[in-house]
Amino acid sequence: MLNQSRPITMAVLAMGGEGGGVLADWCIDIAEHSGYWAQTTSVPGVAQRTGATIYYLEFFADDQSNKEPILSTMPTPGEVDIVIASELMEAGRAVFRGFVTPETTTFIASTNRVYSMTEKTAMGDGRVSSEELLSACEAAAKKFISGDFAEVADKSGTVISASLFGALAGSGALPFSKDQFASAIERSGVGVKNSLIAFEKSFEIAQNSLKPKPNPVSISIGAKPADAPTANLGLTPAQELEILNNPNGAVGSKLQGLASRIKSDYPSAVTLMTISGIKRTADYQDADYAKVYLDRLEAVKECDSVFGDGTYRTLNEVARYTALWMTYEDTIRVADLKTRRTRFNRVNDEARVGDNQIMQVREFLHPMAEEIADTLPTFLGGWIIKTKPVTNFINKLTINGMRLHTTSLHGYFLLYILARLKFIRRRSLRFNLEQERIDQWLTKILAVMPENYDLAYEIAESANVIKGYGDTHKNGWRNFTSLMSEVDKLRESKDSTAATRISTLRSAALSDETGEKLRALL
Amino acid sequence: MAERSFAAEVEKLRVGAGAEFAGEGILAVTKALLQSGVSYVGGYQGAPISHLMDVLGDAHEILEELGIHFENSASEATAAAMLAASVHYPLRGAVTFKSTVGTNVASDALANLSSGGVTGGALIIVGEDYGEGSSIMQERSHAFAMKSQIWLMDPRPNLTAIVDSVDLGFRLSEASNTPVMLELRLRSCHIHGKFIAKDNVRPSFTLKDAIENPRQDPARVVLPPASFAHEQEKLNVRWPAAVKFIKENKINEVINDGAQDFGIILQGGLYNTVIRALQLLGLSDVYGNSKIPLYILNVTYPIIDDEVIEFAKSKRAVLLVEEGQPDYIEQNLHAVLRRADVPTKLFGKEMLPPAGEYTPAHVIKGITEFIKKYGPELLDQNALPAVVRPNGDKPTSLETRIAPEKVHGRPPSFCTGCPERPIFTALKLAERETGKHHISADIGCHLFSILPPFNIGATTMGYGLGSAGASAFQSIETDKQVISFMGDGGFWHNGLTSGIGNAVFNQSDGLTVIVDNAYSAATGGQDILSSQADNELRSTKHPIEAAVRGIGVKWVKTITNTYKVSEMRETFKSALTGSVKGPKIIVAQSECTLNRMRREKPAMAKKIKEGKRVVKERFGIDPDTCTGDHSCIRINGCPSLTIAPNPDPMRKDPVATILNTCVGCGLCGEAAHAAVLCPSFYRTEVITNPSIWDKAKLAIRSAVIGFLQNGIERRLVGIQPNA
């Protein structure tokens, strides 16, 4: 009869530079100190530069025969006792590769996301749903331990290897005591104090997540999916309810009248969005501008109540994009936002300014002739745009961009004065252009809604392709006009798949910078 | 090595006889070399053998004590040629490089070396970069061993076995006057384990003895008629000597022969995987006590015909577990068995994958198929491992639980703060004006440009061959030029002559960008000729510009700060649109940030501790002015520049954001300017231990700005509810 004892197997999926090697070394250290045979291998190759990498470890209890066991250098799908993933998509990869199995695996996954290049470079929202990844992980594991171990590490002033090590200790998946784990950190001698703090916290997270739960605990992992219905304004259900019950309580004195209008005239499905909309437009210009905003929605509301499906989803999106469009980012707005106290505080927090530290901020601004002309009164702005020598002269002056020291007096004054130019905005070149464009867009929605509600919704959503500054904004506008002329064509041919077609084109417009994919589809 | 110390590893090299040595595989090989009385060591760095070079580079005291010469060879060809020292003299020498790329470069010298044969043991330690984690084309070193008749050892992935094979390799080389190649797979190099050490040995015949007593023998030089004699000698003298040595020393192992009437033949390097497969099938214990007879080829070339025949003839069938293609060993075994008229069936690639790495899953499947055919009663159908469990038998644990498109590939990319990234940002911007160019890439970190978001680079033909790879693109019918890239590592390896010299001589028109980051960075940050650091053992600070001017290039521009995107872009434009004919060189020079941080982080921490004024920069993005179009990411690709959920409740798309890992390299700001992106980028400067002047300025600014901010808030009253 053969000796049936098997080694304990463990795979660590990490990205280069996260300390996966340190974690593996600690594990080897405890094992060897506890009389185990231990082996680790990795295939770092070029992966030390942010690529995905796997460390594979095996432990085998010394049975006193002192004979060396034969340990594997590679994981076998279905036979991995412990899998640790330092990030949620890497956790998904562990599941995908079959390392995590419901009969065998204790699975420790950090829920933080390090977005892939594909997710990052999308023009819109290219993120893979965290919920989907998380539920796949949970379904695949025998025991599943999750938590934002990157955040734990960050708050403790150390790196994720320390918190994952704590979670491993807390999981009880290795036959070593908590003290044995901790002493491996102590022996390593580097950043011991902070590593132990992260170790402790993560140990607890792991222990708690192994306790039987009376109710399924919802795990907060940051972003909600972008396509969630209703307003999805990042509020808690309690906050949402409060605004729904009392819209007036969500706004200040200048907007009470508009809030009352929303409460009495508008369906509750759009309350959250419209309340945000009036606040945004008022913040951008003034309370009158907020009134203009709500007046714009009036006709769409009437139309949606007649031709809609009762969800008011088109009205909701119109409320969203009208507000965003009306608060387009001109130099005045940018200066306004950059000079506020809330912004200063945010930047301070982000830079983690501590005691005996001072922070300075420099902006990287690059105003071009067009942007300057946009802000000026229509006649002056128009003249600059038309008069090439003037345009060229301004561009020459600004070609190298400016670095403005916002925390200095002269820098702050400059931005402050620019922000105070709000009073000329209503007469500026861009303002009039954008109001015209908004109204054309709304007119089209109103015209289409009676014939094809879904298409009207798509037209509303299409406003999302217009974004960015400079060339990006120009490309966005060009894509938008292409979409709108396609809408016209589809209406003429009475195409029943019009909405689907526009939806596809909309995604194409957001998939690259140049509009290449959109042109290919057109 | 300028910015990393291997002092801890060097200490391990001093471990004496009887003591336990614990560490990585490649470090064990380093120790084994010292134990076996080696006289000289050379090599070219590259994964997975860089560590051997790096540690020896720091171990000069030990090397001096033992009378060993160590050098960082200019290329693998240089390293292989170094073994010439073992031709006439009883000197043991070892060289190391990554294979097969290094072996490709070295093959001229290796062929000459093997033709004439050696007197002292000559060992070529190749890091077989094959399978998962590999960064090169998937080929086998086996072919080089066969073509030049170099014996090939493939030890078990176990430190004791690896260390023993170094000693055996030297002795085999001396016994058969033939160089020996020691093949270490990626994982074997990075494996952590232990072995019992021996004392380091000072060679009895030293380099000094050789230098002072020179020998010459035309019979050892590759020139007719000696070259014809070499071929005969290889087959008639050296081969039988090797076979004799391998048999006498029982380098290949036979386990539990006679237990079954079938068996498995395997490469030594796959031993652990095969044992694991057998264990999971219930056919072995964890100590390798296999129920199935095994013949383990710790030497995979030459094949010992007698041993094969002996193992096979008593069996109905044998399965050969041979990784990689072509199936050299399988073909060899078929020939051996056929010639000896042995009727035993031989299975190999028909039961195992014909190509690719032999993972446990593949090996389990192959062995299961074999056993099912010849000994099905040995398998417990109810206890099969998951990968071969029949579907429906019990809840299969390997069903797909996640769609492949949810798990994006995560290839390596430029580090945060990498000075090479702005070069490609600038080129992307220049191409907006000059149109797209054919771009020939090279080997090095800069090759990450071929991946998103840059997608720059059409081909790569080998280390230092970026410029040579563009040499066909010469046509009098167009003014458009092609661009090639080359790293400083590749430049000194061979690019100076193969690329730049070639372009000068052939009067080629075109632009070559030499990325000079002051290190051989992709292989671990080793110093090279143009490195900027002082190195007491090596001569550095030889400028690339001087070298290319010396070889005859007229148009050379050195950019000393690659982060200046606008300047880089304008330089590209002037090279690509100017009227100057002939080769044009841009030396794009900024220090590798990974190595710079290794030096500067501790220095900064020290200054802060001493109470000195220190300014730390990082970048940020205002989420309220970011519109979520991510244009900045598409021309940058920095790991610290990423996306985050939009804090603006009305916007759906994630905003761009900068993580705390930002090192403040400045590319974000430069790119925002050069590409006229958006006004959301800002740079923060956090001053630690500020001066009195800093504090005074802050007091005045806070008072004035605070006053104005009160005004702003007053004007916004009435929008938000009262708190």
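**Ground rules**

I number residues from 1 along each chain as its sequence is written, and chains are lettered from A, with ligands numbered from 1, in the order in which they are written. Since the model is predicted, local features need pLDDT of at least 70 and side-chain atom pairs count only at pLDDT 80 or more, while totals for chains, interfaces and linings use all residues.

**Entry 1: chain A as a whole**

I began with the overall dimensions: the C-alpha atoms of chain A fill a box of roughly 95 × 55 × 50 Å along the principal axes. I looked up the domain assignment, which gives domain 1 (8–210) and domain 2 (229–327) in chain A; such bounds come from an automatic or database assignment. The C-alpha centres of these two domains lie 46 Å apart.

For secondary structure I noted 25 helices and eight strands in chain A. Helices (H or I, at least four residues) and strands (E, at least two) are DSSP runs, numbered from the N terminus.

How much of chain A is buried? I found 52% of its 522 residues in that class. Buried means 20 or more other C-beta atoms within 10 Å of the residue's own, exposed means 12 or fewer, and partly exposed is in between, with C-beta atoms placed from the backbone.

I also checked contacts, meaning pairs whose C-beta atoms, placed from the backbone, lie within 7 Å. Among those in chain A between residues at least 6 apart in sequence, 70% join residues at least 24 apart.

**Entry 2: strand β13 of chain B**

Next I turned to β13(B), residues 317–321, where four of the five residues are buried. Strands pair if DSSP finds at least two bridges between them. Five bridges join β13(B) to β10(B), residues 262–267, and the two run parallel. In that pairing I saw B:Leu266 opposite B:Val321.

**Entry 3: where the chains meet**

How many residues does each chain bring to the contact? I noted 104 from chain B and 118 from chain A. On the chain B side, helix α24 (residues 692–716) gives the largest share, 10 residues.

A strand pairing also links the chains: seven bridges join β7(A), residues 357–365, to β24(B), residues 681–688, and these run antiparallel. One of the pairs is A:Ile358 with B:Ile687.

I found a cis peptide bond between B:Ser99 and B:Thr100, with omega about 10°. B:Thr100 sits in the loop between β4 (93–99) and α7 (101–116) of chain B. The bond from B:Pro452 to B:Pro453 is cis too, with omega near 5°, and B:Pro453 lies in the loop between β15 (439–441) and β16 (459–460) of chain B.

Which phi value does A:Tyr312 have? I read a positive one, near 55°, in a residue other than glycine. A:Tyr312 is in the loop between α12 (287–307) and α13 (313–326) of chain A. A:Tyr312 counts as buried because 22 other C-beta atoms lie within 10 Å.

Note on methods. Two residues are in contact if their C-beta atoms, placed from the backbone, lie within 7 Å.
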